Amino acid sequence: MITHEENDLLCRVENGAPMGQLMRRHWVPICLIEEVSEPDGTPVKARILGEDLVVFRNTDGEVGVMDEYCPHRRASLVFGRNEEGGLRCLYHGWKMDVNGNVTEMSSEPEASGMLEKVKHKAYPTKEWGGFVWAYMGAAETMPEFEPPRWAPTADTRVSVAKVIIPVNWAQILEGAIDSAHSSSLHSSDMVPARVDGAKATDKNWLRPSTDKAPRMQVQRASFGFRYAAVRRPIFNAQTHDYVRTTVFVAPWTVLIPPNNLYNVANVNVPVDDTNTCFYFIGWGHPSQTPETATWRKFLGQTVGVDLDEQYRPLRNYENRFWQDRQAMKSGNFTGISGIPNQDMAMWITMGKIADRSHDRLGASDMAIVEFRKQMVDAVQAFQATGEAIGTGEKRIPKEVCSFQGVIPKTVDWRTHEVSYVWLEGQDSPEMDRSYVVTEGANA
């Protein structure tokens, strides 16, 4: 059980809320690189942690992430002219570079000296793993950027589906760490089969178990936690277990158990208190990981087909998420196509911010209980000490990853040696530190 006060502490990120301040101690995914791929191209609006931002790529190919509103009279820079190394406001012609320096004030006489007195809010940026990142905390707290666990090297293929979902970030993340629901909600897409481990096809994912009530075990860590869902396998059930280990990387990342070809993750970045940027990621060796268009089609997350131009889902409560009742009568469990779409139907029907005080949790909810307790504890500790979970020496070690497989009952999953799914015969990659951060004017 969680109280209303604890639920607010967990969920709220806007207007200086403690959770939002904790999240600002991490490098934040702002948008996809593909959204701002063209130098001097169309600026993009992003709203992150309740703050309105504009993202643009300048003439030299550098990316800027700035306050959306011009420092002069607060007109939106999303509609500005992106030209000659900066973004120019349409209202009076003020121009800012990627670092927030005001380089021109068309409406002001040169003798006024005002140009040297104004600095626009801009954040340090980094491009990696298909994303534009920014550090939105205070400059003196900025950590070194480190590649995320789902994009360990520059040559890792990272395919991303992006969706803006009209619910709070925490209920989406809880869905990602809830291994028990996959045996019901996703049972028509994660199909029990006589295989020796999870297998990927172009239509579904196969798994070697019919067990719908996994035994849950949790291992807490400084960066979040690992947990295992232990099921009876179809083969050798007397001597072996089918184990799926999931990794929660605070504050918003989940490393999901892989299949035989590629690894899976999701990242859940709060837009504000009641909307979330949900990124579903397939990653791994380029020869085995689906290309972006194929990945989005498989998930049912293609812009113009499943999503509008702002990445908002066309399936919604009012059109019943395009649920096909005839397909349900024919054997499809949900009648909703696409694994994320099935999840979204559940998250959205919980309301904008789920009231967790009414939950009735059971043994299968062990990871949910751990997430709530750990993150409420983490934000309270942050308020008291200023130290954010998963930062500094408490960040995730590079050897930690998710896992799935049939293993002997005598083997402890906590100490079982695991590695990324990578091309057979090749070692999985180490973390790559060959990157450059663009220094913005951090506010």
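This is a predicted model: local features need pLDDT of at least 70, side-chain atom pairs count only at pLDDT 80 or more; totals for chains, interfaces and linings use all residues.

Visitor: Which residue of β9 stands opposite Val 65?
Guide: Strand β4 covers residues 63-67 and pairs with β9 in the antiparallel sense over 2 bridges. Opposite Val 65, the residue in β9 is Tyr 123.

Visitor: How many helices and strands does the protein chain have, and what is its radius of gyration?
Guide: The secondary structure comes to 7 helices and 22 strands. Along the principal axes, the C-alpha atoms fill a box of roughly 85 × 50 × 50 Å. For 443 residues a compact globule would have a radius of gyration near 22 Å, and the value for this chain agrees with that, at 23 Å.

Visitor: What share of the residues of the protein chain count as buried?
Guide: Buried means under 20% relative accessible area. Of the 443 residues, the share that counts as buried is 56%.

Visitor: Is α3 enclosed or open, and which residue caps its N-terminal end?
Guide: In α3 (169-176), 8 of the 8 residues are buried, so the helix is largely enclosed by the rest of the structure. Among them are Trp 169, Ile 172, Leu 173 and Glu 174. At the N-terminal end, a side-chain oxygen lies 2.9 Å from the backbone nitrogen of Ala 170, and the capping residue that supplies this oxygen is Asn 168.

Visitor: Which residues point one way from β21, and which the other way?
Guide: In a regular strand the side chains alternate between the two faces of the sheet. β21 is mostly covered, with 10 of its 10 residues buried. One way point Asn 275, Cys 277, Tyr 279, Ile 281 and Trp 283; the other way point Thr 276, Phe 278, Phe 280, Gly 282 and Gly 284.

Visitor: Which residues of β21 stand opposite Ser 159 and Asn 268?
Guide: β12 and β21 pair in the antiparallel sense over 9 bridges. Strand β20 (residues 263-272) is also antiparallel to β21, joined by 9 bridges, and these two form a hairpin with 2 residues between them. Opposite Ser 159 stands Gly 282, and the bridge partner of Asn 268 is Phe 278.

Visitor: Which element gives the largest share of the lining of the largest cavity?
Guide: There are 4 cavities of 30 Å³ or more, and about 220 Å³ of space lies in the largest. Its lining has 21 residues, with Gly 175, Ala 176, His 181, Met 190 and Ile 256 nearest the centre. Two or more lining residues come from each of α3, β18 (240-249), β21 (275-284) and α6 (339-349). The largest share, 4 residues, comes from α6.

Visitor: How does the lining of the largest cavity divide by class?
Guide: Tyr and Trp count as nonpolar here, and Gly as polar. On that basis the lining has 11 nonpolar, 7 polar and 3 charged residues.

Visitor: Which element gives the most to the lining of the second largest cavity?
Guide: This cavity holds about 100 Å³ of space. Its lining consists of 13 residues, and the closest to its centre are Ala 198, Trp 205, Arg 244, Pro 257 and Pro 258. β15 (205-207) and β18 each give two or more residues. With 3 residues, the element that gives the most is β15.

Visitor: What is the volume of the largest pocket?
Guide: The largest pocket is lined by 29 residues, and nearest its centre lie His 26, Glu 146, Gly 390, Arg 395 and Ile 396. By class, this lining has 16 nonpolar, 5 polar and 8 charged residues. The volume is about 670 Å³.

Visitor: Which element supplies the largest share of the lining of the second largest pocket?
Guide: About 500 Å³ of space lies in this pocket. Of its 19 lining residues, Glu 35, Val 44, Lys 45, Gln 310 and Tyr 311 are the closest to its centre. β1 (27-32), β2 and β12 (157-165) each supply at least two residues. The largest share, 5 residues, comes from β2.

Technical notes. Residues are numbered from 1 along each chain as its sequence is written. Side-chain values use heavy atoms; hydrogens and water are left out. On a 1 Å grid over the protein atoms alone, a cavity is a set of points where a 1.4 Å probe fits but cannot get out, and a pocket is an open set with protein on both sides within 12 Å along at least five of seven lines; lining residues have an atom within 4 Å of a point. Grid points are joined across faces, edges and corners, and a volume is the space filled by probe spheres set on the points. Two strands pair if DSSP finds at least two bridges between them. Buried means under 20% relative accessible area, exposed over 50%, partly exposed in between (1.4 Å probe, protein chains only). A polar contact is a pair of N or O atoms within 3.5 Å; within protein, one must be able to donate a hydrogen and the other to accept it, and residues adjacent in sequence count only if both atoms are side-chain atoms. The radius of gyration is taken over C-alpha atoms; the globule rule is 2.2 Å times the number of residues to the power 0.38.
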